[in-house]
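Please keep the sequence and the model open beside the text while reading.

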Amino acid sequence: MKHRFITTNIINNSIKQDAAGYIKHCETMYQKAISEAAEKIYRDRFTHPLVLISGPSGSGKTTSAMYLAALLKGKGLNVHTISMDNYFLPNDMGGLPLDKYGNVDLESPYRLDIPLFSTHLNKLFKCEPIKIPTFDFKTQMRSDYTTICRKEDEIIIVEGIHALNHEVTGDTNDFTTCIYVSVRSRVHSYVGTVMHPRNIRLMRRLSRDCLFRNRMPDNVFEMYESVTVGEEKYIMPHKHRANFIIDTFIPYELSVYANLILPRLEELSMKYKNTKNYITINKILSEIEPISANLVPEDSLIREFIGNSL
């Protein structure tokens, strides 16, 4: 799938002419892509009952998994959704991967209980019962287990950043459908600035983390540097495995962020105001026609990052 290009001029003119109509158009583009994947999964439900959804941070994996599940349920299927986060190894096990600073590498696939996860995938395909651990992020420990057993006419959706990593999933191509979701569009400004998809995902993180996780913009920028390294090392190399690559960019979302996070950028230290990421984001959002977050539909993927999602 090639990258899509859009200009700030197109976004602004569309918002000014018919904001409601443009919002509906943007949402329909994303929903159509998910629907196409749902159709194939439905057709292949008996041979490929497991769906693996991967994508980098801020890509909209959670909403995409939920939206896909809703479409399949609408076709009369029972669907179970599993987060790979629950397969994180407890801190007391030792031997966890470390980053260059000596901290636990949260982006590494070796943070996962790979033997347990790959075994569970095969058991789910064979309709054998499994006990899924529940990972408590506050204690960094497993707190409980949930038993599920897939029936032959049921679908399992597995969502996580390493869901397409063959080393993590094992040899599962014969019974899985692989989906890679991420921002794939590049935005061009009036003055020639080009915004990489990574910056759009950074804006999503700024919105979610600053508004709802009490983080300062500096913290988000600092964290995103390490996240980006992990993406390029552990996630991007495996997207070729995807049966579907879905662009989760919703063009009018920039207008929402212009209202929500542009003012917060002033809180950044000079360290980050001099970075290419900041300069690009600030230029693009300063050009964009702002709109209220109240116009965003409750079932929109954007709600994953601005709150009040249906």
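The buried residues of α6 (217-235) pack against β2, β7, α5, α8 (270-273) and α9 (276-287), where buried means under 20% relative accessible area, exposed means over 50% and partly exposed lies in between, with a 1.4 Å probe and protein chains only. This is a predicted model, in which local features need pLDDT of at least 70, side-chain atom pairs count only at pLDDT 80 or more, and totals for chains, interfaces and linings use all residues. Residues are numbered from 1 along each chain as its sequence is written, and side-chain values use heavy atoms, with hydrogens and water left out. Helices (H or I, at least four residues) and strands (E, at least two) are DSSP runs numbered from the N terminus, and contact means heavy atoms within 4.5 Å.

**Helix α6 and its partner α5**

- The buried residues of α6 are Pro217, Asp218, Val220, Phe221, Tyr224, Val227, Thr228, Gly230, Glu231, Tyr234 and Ile235.
- The axes of α6 and helix α5 (residues 197-212) come within 10 Å and cross at roughly 135°, axes being lines fitted to C-alpha atoms, for helices over the stretch in contact, with angles that run from 0 to 180 degrees between N-to-C directions.
- That angle makes α5 oblique to α6, because angles under 35 degrees count as roughly parallel, over 145 as roughly antiparallel, 65 to 115 as roughly perpendicular and the rest as oblique.
- The crossing of α5 and α6 is right-handed, a term used if the near helix is turned clockwise from the far one by less than a right angle, whereas anticlockwise is left-handed.
- On the α5 side the contact involves Arg198, Arg201, Leu202, Arg205, Leu206, Asp209 and Cys210, which meet Pro217, Val220, Phe221, Met223, Tyr224, Val227, Thr228, Glu231 and Glu232 in α6.
- Sorted by class, this contact of α5 with α6 has nine nonpolar, one polar and six charged residues; Ala, Val, Leu, Ile, Met, Phe, Trp, Tyr, Cys and Pro count as nonpolar, Asp, Glu, Lys and Arg as charged, and the others, Gly among them, as polar.

**Helix α1, between the sheet and α2**

- Helix α1 (residues 8-43) lies across β2 (50-54), β6, β7 (176-182) and β10, and runs at about 160° to β10.
- With helix α2 (residues 61-74), α1 packs at an angle of about 55°, the two axes being 9 Å apart.
- The helices α1 and α2 are therefore oblique to each other, and α1 passes α2 in a right-handed crossing.
- In α1, Tyr30, Gln31, Ile34, Ser35, Ala37, Ala38, Ile41 and Tyr42 meet Thr63, Ser64, Tyr67, Leu68, Leu71 and Leu72 in α2.
- The contact of α1 with α2 has ten nonpolar, four polar and no charged residues.

**The five-stranded sheet**

- Five strands form an open sheet in the order β3-β6-β2-β7-β10, with parallel pairing; two strands pair if DSSP finds at least two bridges between them.
- The edge strands are β3 (78-83) and β10, each of which pairs on one side only, and the twist averages 20° from one strand to the next.
- Six bridges pair β3 with strand β6 (residues 154-159) in the parallel sense, and Asn78 stands opposite Glu154 in β6.

**The three-stranded sheet**

- A further open sheet of three strands has the order β1-β8-β9 and mixed pairing, with β1 and β9 as the edge strands, each pairing on one side only.
- Strand β1 (residues 4-7) and strand β8 (residues 185-188) run parallel and are joined by four bridges; Ile6 has Val187 in β8 as its bridge partner, and Thr7 stands opposite His188 in β8.
- Strand β9 (residues 194-195) pairs with β8 in the antiparallel sense over two bridges, and the bridge partner of His188 in β9 is Val194.
- The hairpin of β8 and β9 has five residues between the strands, and Gly192 in the turn has a positive phi of about 95°.

**Two lysines**

- Lys239 is found in the loop between α6 and β10 (244-247), and is partly exposed, with a relative accessible area of 27%.
- Not counting residues up to four places away in sequence, Lys239 touches Leu164, Tyr180, Arg184 and Ile245.
- Lys239 and Ile179 are 60 residues apart in sequence and 8.4 Å apart in space, C-alpha to C-alpha.
- Lys273 lies in helix α8 and, again leaving out residues up to four places away in sequence, touches Leu265, Glu266, Leu268, Tyr278 and Ile279.
- The C-alpha atoms of Lys273 and Tyr101 are separated by 24 Å, with the two residues 172 apart along the chain.
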